[in-house]
Amino acid sequence: MHFDSLTAKEVPDNRTTKPHILPIYATSSFSFEDIDQGIEIFKNIESGHVYSRYANPTVDTVAQKIADLETHGLGTEAHAVMTSSGMSAISTLLLGVLKAGDKVLSQANLYGGTTDLLKSIFGQFGVETVFTNLGDKEGVKRHFQQDSSLKMLYCETPANPTLACVDIQALTEIAHQNGAWCAIDNTFQTPYLQQPFAFGVDFIIHSTTKFLNGHGNSTAGIIIGKDKEIMRKKVWHAMKLVGTNCSPFEAWLTYNGLKTLALRMDRHCSNALVLAQFLEKHPAVERVNYLGLPSHPDHALAQRQMRGNGGMLSFELKGGLDAGIACMNRIRFCTLAPTLGDIDTLIVHPASMSHLSIPKAVRLENGITDGLIRISVGIENPADIIGDLEQALV
Ligand SMILES: *Cc1c(COP(=O)(O)O)cnc(C)c1O
């Protein structure tokens, strides 16, 4: 072989021991032993890998692990497709299972990006979303009875910023009675704290960017479904053709984070509870929204469908906008950052940060009042988190 050929050739893999940790398969394609193997794999793509946009060993391993966590202890199995972000998980699911003329029934307090996606992108392609109060079961039934083009109920529970919950089982039953699917965004709780398949939902999506990874160093998403045919023929098909596949490196980072999910979530929950109890007693605080507090309007529902109350909380300052800005200016230990689910405590004041450009009336409609502060409570020593809020709230 010539020198320049030697530089260009792959080195054959002759190692006899397997790696202990999942490798990152940084390859766009897979080579075949011979033409017969190529034909076999092309006929039935599941028996081997072809091209990383279709499927990649690193990504597939992580996808199946998350699917197994979502079905753990339920006696069922699920199939998953990992995507490039939480947003692409939602769009890939809808592109795969809906068509022009179909409608989605959903709630007003979705993740902001999801609301915008449904309105501005899917609206353009003839998939309209009807936003309603999913807490009103009779109202939800009426919507389905009056409009047979509603093909999917899409919910998020708990939801920003007040952590309002909806009844997953009741909504799934109504959707199914009307021949529609029920899909849920389980990003806030993760399967450790809430398993929507136990209540019959058809599809679960996650932004794995948040608690599932937990370390704030990757952006990815996942769609998990119980029906293998639909996942394969519709959802995977849409992912493959739209090209919303997850990068093996992002999947690998997620895998790393997943290993400590249970430990992290336990600590997120216990830290959030003590912080919520501290805030509830503080004279500058009007109200605390945390599902672990009996004062939360959805406390009872949350205890029925969740195993823990999560790491997210928000609270309302008596002093409004000025008090919110003053508090943020005094924060020292926590980090001002608009994401959630990282191991360190992240704090936002939506009225002066993420929602600054949104008209006040629209903001208020979504529960984002002037003095509202949201915290993604981390896993640090709780005394440091409480100490920071104590010195910031004066
Ligand atoms: C962040 C988030 C998303 C979007 O996920 P990305 O990974 O940022 O695309 C969707 N739903 C919820 C609840 C989120 O918090």
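Visitor: Where does A323 lie in this one?
Guide: A323 lies in helix α13, which runs over residues 320-330. Keep in mind that this is a predicted model.

Visitor: And what's the relative accessibility of A323?
Guide: A323 has 24% relative accessibility, so it counts as partly exposed; the buried class stops under 20%.

Visitor: How far is its C-alpha from that of V394?
Guide: The two C-alpha atoms are separated by 9.0 Å, with A323 and V394 sitting 71 residues apart along the chain.

Visitor: OK, switching to the ligand. Which residues come nearest?
Guide: M87, D185, S207, T209 and K210 come nearest, out of 13 residues around the ligand.

Visitor: What does the side chain of D185 do with the ligand?
Guide: An N or O atom in the D185 side chain is 2.6 Å from a nitrogen atom of the ligand. On the oxygen side, a polar side-chain atom of S207 lies 2.8 Å from a ligand oxygen. G86 uses its backbone instead: one of its N or O atoms there is 2.9 Å from an oxygen atom of the ligand.

Visitor: How much of the ligand does the protein bury?
Guide: The protein buries 93% of the 380 Å² that the ligand exposes when taken alone.

Visitor: Is E156 buried or exposed?
Guide: Buried: its relative accessible area is 4%. E156 lies in strand β4, residues 150-156.

Visitor: What does S106 contact, neighbours within four places aside?
Guide: S106 is in contact with T129, V130, F131, T132, L134 and Y154. With Y154 there's a polar pair: a polar atom of the S106 side chain lies 2.6 Å from the backbone oxygen of Y154. S106 itself is found in strand β2, residues 103-106, and counts as buried because its relative accessibility is 0%.

Visitor: What about phi at L163?
Guide: L163 isn't a glycine, yet its phi is positive at about 60°. L163 also lies in the loop between β4 and α7, and at 4% relative accessibility it counts as buried. T190 is another non-glycine with a positive phi, about 65°. T190 lies in helix α8, residues 190-193, and is buried with a relative accessible area of 1%.

Visitor: Now helices. How many residues does α3 have, and how far does it reach?
Guide: Helix α3 (residues 57-70) has 14 residues and reaches 20 Å from its first C-alpha to its last, close to the 20 Å expected at 1.5 Å a residue. At its start, a side-chain oxygen of N56 reaches to within 2.9 Å of the backbone nitrogen of T58.

Visitor: Which residues of α3 are buried?
Guide: P57, T58, V59, V62, A63, I66, A67 and E70. Their cover includes β1, α8, β6, β7 and α10.

Visitor: And what should α11 span?
Guide: Its 21 residues, 261-281, should span 30 Å at 1.5 Å a residue, and the end C-alpha atoms are 30 Å apart, so that agrees. Buried residues of α11 include R264, M265, H268 and C269.

Terms used:
Residues are numbered from 1 along each chain as its sequence is written. This is a predicted model: local features need pLDDT of at least 70, side-chain atom pairs count only at pLDDT 80 or more; totals for chains, interfaces and linings use all residues. Side-chain values use heavy atoms; hydrogens and water are left out. Helices (H or I, at least four residues) and strands (E, at least two) are DSSP runs, numbered from the N terminus. Buried means under 20% relative accessible area, exposed over 50%, partly exposed in between (1.4 Å probe, protein chains only). A polar contact is a pair of N or O atoms within 3.5 Å; within protein, one must be able to donate a hydrogen and the other to accept it, and residues adjacent in sequence count only if both atoms are side-chain atoms. Contact means heavy atoms within 4.5 Å. The expected span of a helix is 1.5 Å times one less than its number of residues. A residue is near a molecule or strand if one of its heavy atoms lies within 4 Å of it. Accessible areas come from the Shrake-Rupley method with a 1.4 Å probe; for residues, only the protein chains shown count as cover.
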